[in-house]
Amino acid sequence: MKELKATADNKRQWNENFLKYTEFIVGHVNYKGLFFERGADKRVKWVVTGKSAKGIERRSWWDKKCSEHGIQLGAGCYAKIAYIIHPTKLHTCQICGKELRIEYVYPNKRTIEAFKREFNFAIHPYTKDIYQIIDEVVKTNGDIEKVKRIFKIKGTNIPSVDTLKQHVKVNFVDTYSKALSPGVFSNSPDRLDGYHSDGNCCRGQSDKGRHKSNMQRYGQDRRVYENWADGDWKMADRLMSIFRKHDLSADHIGPISLGFCHRPKFHPLTKAENSAKNNRMSLADVKVLLGDEQKEQVVSWHSKFIWDKLKSKVASDKDAVKLSDFMRKNLHHILIVFSMIDEKGFGNFLEEFLNPEYTFFDHRFEGFNPKDGSYKRVVSTKRTGKNQQNNIKRYYRAAFEKLQEYKEIENRKTNIWNHEEVDKELEKLFVLLKAKQNKEAKAQLENVFRVLANIAESNW
């Protein structure tokens, strides 16, 4: 969650080079007028929560910059403007202090393996950009042909190293090719410069969700557990694996982090496109969801109340981004309510909202079309065994660990929804839970979420 990451970000040790970088950025004319403040230690407060008053002030600045540069507000707009206005195109990692370029110039894992295969040339990730690598390994026309094979360049005459580098720039770097990666991913407007604090050199270690063990289990998407999402998560996870095998990023049409189901339907995007889109919906996404919900569940039960209240109000991409913001904040409130229930000792009541039964099936997709993410059919097989039981344990642990994090949020119970009606409905809920009237408590919990949705609608 961005709010939680921001808190952790403020407590971690900052590298001296990153401190210098923060001062450079806030003092640069390109960021004139962008809100920031300093803490008691005089350091720049680099991160603000996007939904807070300060975050909204920052977003207004980014919106204005988009307008100045002719960028239409919508999914991916902040990633575009963050790149355009960055003065050096070099970002400093908060953890190790290393400078990395923000362009897509670093070979990804498969490209690294291809260079090793063609040239017997070892590359440590995020140490050399593609231009430096080409300068080191290309000595002959035969070497140019090897690089062409790596990038699958066909039917193009490339007579020199300089021509090769220019071709790679135009056709791979500038197009955010899936064969390459940036030194840091966009995270605007939460981070002041519009980029994650950690460079990709360290993000695999610093971001729990991107630890190698977790990324390898993105056949089991941890975000599903952490956001208490509905949907056949096992089938959806298996489909995500198919996307990865085709070097595609599976874009949730309705993001899990906004309260939508994890279901086996995705749009195929490049990693760059998905990173730029983040968790913001477009008008086209909302239209797809409205059509899909005529035949299947698209939103998790706890977020259906706000979705039903606001979905008909979306008439533009800007409205869709606004809905994304409202639904993300709403899910934040939902998880806070869950954490309060767990803290009062009613965790067993919450377990009925998890879906461990999907772990007992595996799925094979036939006729997958990488162009649109569709498939002809899915073959499902029942599975029972120790691995399935371990998956269930991992599922429950991740879900409740997220609630534990919410318990530790500073001032969790103040300045949240700031509405007496919510507090009154919560008190009724806790009375029912204490009396072990779980059926009535479920209905009352829905009343709480209904009130939160009404408040959101009044603020639209």
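Start at Tyr176, in the loop between α8 and β4 (180-182). Helices (H or I, at least four residues) and strands (E, at least two) are DSSP runs, numbered from the N terminus. Phi of Tyr176 is near 55°, a positive value in a residue that is not glycine. Tyr176 counts as partly exposed, at 40% relative accessibility. The cut-offs are under 20% relative accessible area for buried, over 50% for exposed, and partly exposed in between, with a 1.4 Å probe and protein chains only.

This is a predicted model: local features need pLDDT of at least 70, side-chain atom pairs count only at pLDDT 80 or more, and totals for chains, interfaces and linings use all residues. Residues are numbered from 1 along each chain as its sequence is written, and side-chain values use heavy atoms, with hydrogens and water left out.

**Next stop: Trp228**

Select Trp228, in the loop between α11 and α12. Its phi is also positive, near 50°. Trp228 is buried, at 1% relative accessibility. Show what surrounds Trp228, leaving aside neighbours within four places in sequence: its contacts include Ser300, His302, Leu335, Phe338, Leu350 and Phe400. Contact means heavy atoms within 4.5 Å.

**The cores**

Trp228 is also among the residues with the most contacts inside the largest nonpolar core, together with Phe338, Ile341, Leu445 and Phe449. This core has 59 residues. A nonpolar core is a set of buried Ala, Val, Leu, Ile, Met, Phe, Trp, Tyr and Cys residues joined through side-chain atoms within 4.5 Å. Colour the elements that give two or more residues to this core, among them α14 (283-292), α16 (317-343), α18 (386-407) and α20 (438-459). Helix α16 gives the most, with 12 residues. Apart from this core lies another, of 30 residues, including Leu100, Ala114, Phe121 and Ala179. In soluble globular proteins, nonpolar side chains tend to be buried together.

**Salt bridges**

The structure holds 28 salt bridges. Each is a side-chain nitrogen of Lys or Arg within 4 Å of a carboxyl oxygen of Asp or Glu.

- Select Asp247 and Arg110, whose closest N and O atoms are 3.2 Å apart. Asp247 lies in the loop between α12 (233-245) and β5 (249-252) and Arg110 in helix α5 (residues 109-119), so the pair ties together parts 137 residues apart in sequence. Asp247 is partly exposed at 28%, and Arg110 is partly exposed at 44%.
- Move to Asp135 and Lys165, at 3.1 Å between the closest N and O atoms. Asp135 is in helix α6 (residues 130-137) and Lys165 in helix α8 (residues 161-173), so this bridge joins parts 30 residues apart in sequence. Asp135 is partly exposed at 40%, whereas Lys165 is buried at 18%.
- Then pick Arg238 and Asp362, which meet at 2.6 Å, N to O. Arg238 is in helix α12 and Asp362 in strand β7 (residues 361-366), 124 residues apart. Arg238 is partly exposed at 24%; Asp362 is buried at 18%.
- Finish with a network of salt bridges that links Arg263, Lys265, Asp292, Lys295 and Glu296.

**Last stop: α3 against α4**

Show helix α3 (residues 53-68) and helix α4 (residues 77-85). They pack at an angle of about 75°, with their axes 10 Å apart. Axes are lines fitted to C-alpha atoms, for helices over the stretch in contact, and angles run from 0 to 180 degrees between N-to-C directions. The two helices are therefore roughly perpendicular, the word for 65 to 115 degrees. Look for Trp61, Trp62 and Cys66 among the α3 residues that meet α4, and for Tyr78, Ile81 and Ile85 among those of α4.

Definitions and conventions. Angles under 35 degrees count as roughly parallel, over 145 as roughly antiparallel, 65 to 115 as roughly perpendicular and the rest as oblique.
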